[in-house]
Amino acid sequence: MKEVLDFLRDLRENNNSEWFHANKERYDSARAKFLALVEVLNAGVCQFDESIQMVDPKKSVFRIFRDVRFSHDKTPYKINFGGFICKGGRNSGRSGYYLHLEPDGAFVGGGIYMPPTDVLKSIRQEIYNSPEEFLSIIENDSFRSNYPPLYADDKLKMAPKGFPKDFEHIDLLKYRSYTVMAPLEESVILSPDLADFALRKFEVLEPFNTFLNRGIDYREE
């Protein structure tokens, strides 16, 4: 993955279309290596998450082009490669497993980030119906030793609409995203054990993703 990180570092320093087009071959080569890694990870996740099927890795890897229409930052390219493994690919709206390669900012993780209102309500309903089960997952020793607490940026201050304010575990329903992330050291990225390391982290997330997707599946029925 050294080629991938080297390209991203150079892109970070030259984030413009002229440089990118002049280095298109480097981008294509780095992306091909990342696609191959995601394909290996997809196959590995299939071994412990029966909901996951093999998909074209292009359906799991995010585009490098940024949407700058509503952003003050007009740099045209992301400085990372991201791959999201879930049933149906990255646009399926389901909870899954994420790998993020970025110089000085790489991580592994999973869950579901900023889902639409109906999906978020369905996940909250599942937690409301089975709070002890959800707590047993996120407070499990293996889970806590591998991941920090749930991503809490933009967490609601009040109880979400439609749920009783006096619910014992109301804090669990205030998240807008149900995701966790663990830093990925460059030494691991550059080692031949990267895929195995990521898969060990991903396997810890299987009960978490299964729980969240159960709520999503109820909404779809």
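**Note on the sheet, its helices and the aromatic groups**

1. Ser 60 lies in the loop between α3 and β1, where helices (H or I, at least four residues) and strands (E, at least two) are DSSP runs numbered from the N terminus. The model is a predicted one, in which local features need pLDDT of at least 70 and side-chain atom pairs count only at pLDDT 80 or more, while totals for chains, interfaces and linings use all residues. Residues are numbered from 1 along each chain as its sequence is written, and side-chain values use heavy atoms, with hydrogens and water left out.

2. Ser 60 has a relative accessible area of 1% and is therefore buried; buried means under 20% relative accessible area, exposed over 50%, and partly exposed in between, with a 1.4 Å probe and protein chains only. Leaving aside its neighbours within four places in sequence, Ser 60 is in contact (heavy atoms within 4.5 Å) with Val 38, Val 55, Gly 82, Gly 83, Phe 84 and Arg 90.

3. Asp 67 is also found in the loop between α3 and β1, but its relative accessibility is 47%, so Asp 67 counts as partly exposed. From C-alpha to C-alpha, Asp 67 is 8.7 Å in space from Tyr 77, and the two are 10 residues apart in sequence.

4. Helix α3 covers residues 24-46, 23 residues in all, and spans 33 Å between its first and last C-alpha, which is close to the 33 Å expected at 1.5 Å a residue; the expected span is 1.5 Å times one less than the number of residues. The buried residues of α3 are Tyr 27, Ala 30, Phe 34, Leu 35, Leu 37, Val 38, Leu 41, Asn 42, Gly 44 and Val 45.

5. Four strands make an open sheet in the order β1-β2-β3-β4, and their pairing is antiparallel; two strands pair if DSSP finds at least two bridges between them. The edges are held by β1 (81-85) and β4 (178-183), each of which has a single partner strand, so one side of each is left without a neighbour in the sheet. From one strand to the next the twist averages 15°, with axes taken as lines fitted to C-alpha atoms, for helices over the stretch in contact, and angles running from 0 to 180 degrees between N-to-C directions.

6. Strand β2 deserves a separate comment. Six of the six residues of β2 are buried, so the strand is largely enclosed by the rest of the structure. Five bridges join β2 to the antiparallel β1, and five bridges join β2 (residues 96-101) to β3 (residues 107-112), again antiparallel. Leu 99 of β2 stands opposite Gly 83 and also opposite Val 108 in β3, while Gly 96 has Gly 111 in β3 as its bridge partner. The hairpin of β2 and β3 has five residues between the strands, and Asp 104 in this hairpin takes a positive phi near 65°.

7. Which helix lies across β3 and β4? That helix is α4 (residues 117-129), which runs at about 90° to β4. Val 180, which is found in β4, has a relative accessibility of 1% and therefore counts as buried. Its contacts, leaving aside neighbours within four places in sequence, are Val 108, Gly 109, Gly 110, Phe 143, Tyr 147, Pro 148, Pro 149, Leu 150, Leu 205 and Phe 208.

8. The structure holds 22 aromatic pairs, a pair being rings of Phe, Tyr or Trp (its six-membered ring) with centres within 6.5 Å, where planes under 30 degrees apart count as stacked, over 60 as edge-to-face and the rest as tilted. One of these pairs is edge-to-face, formed by Phe 7 and Phe 20 at 6.4 Å centre to centre with 65° between the planes. The pair links distant parts of the chain, since Phe 7 is in helix α1 (residues 2-13) and Phe 20 is in helix α2 (residues 17-22), 13 residues apart. Phe 7 counts as buried because its relative accessibility is 1%, and Phe 20 counts as buried at 1% relative accessibility. Phe 7, Trp 19, Phe 20, Tyr 27, Phe 34, Phe 65, Tyr 77 and Phe 81 form one aromatic cluster.

9. Two lysines are placed over tyrosine rings; a charge sits over a ring if NZ of Lys or CZ of Arg is within 6 Å of the ring centre and within 35 degrees of the ring normal. The charged end of Lys 155 is 4.4 Å from the centre of the Tyr 175 ring, and Lys 201 lies over the face of Tyr 147 at 5.8 Å from the ring centre.
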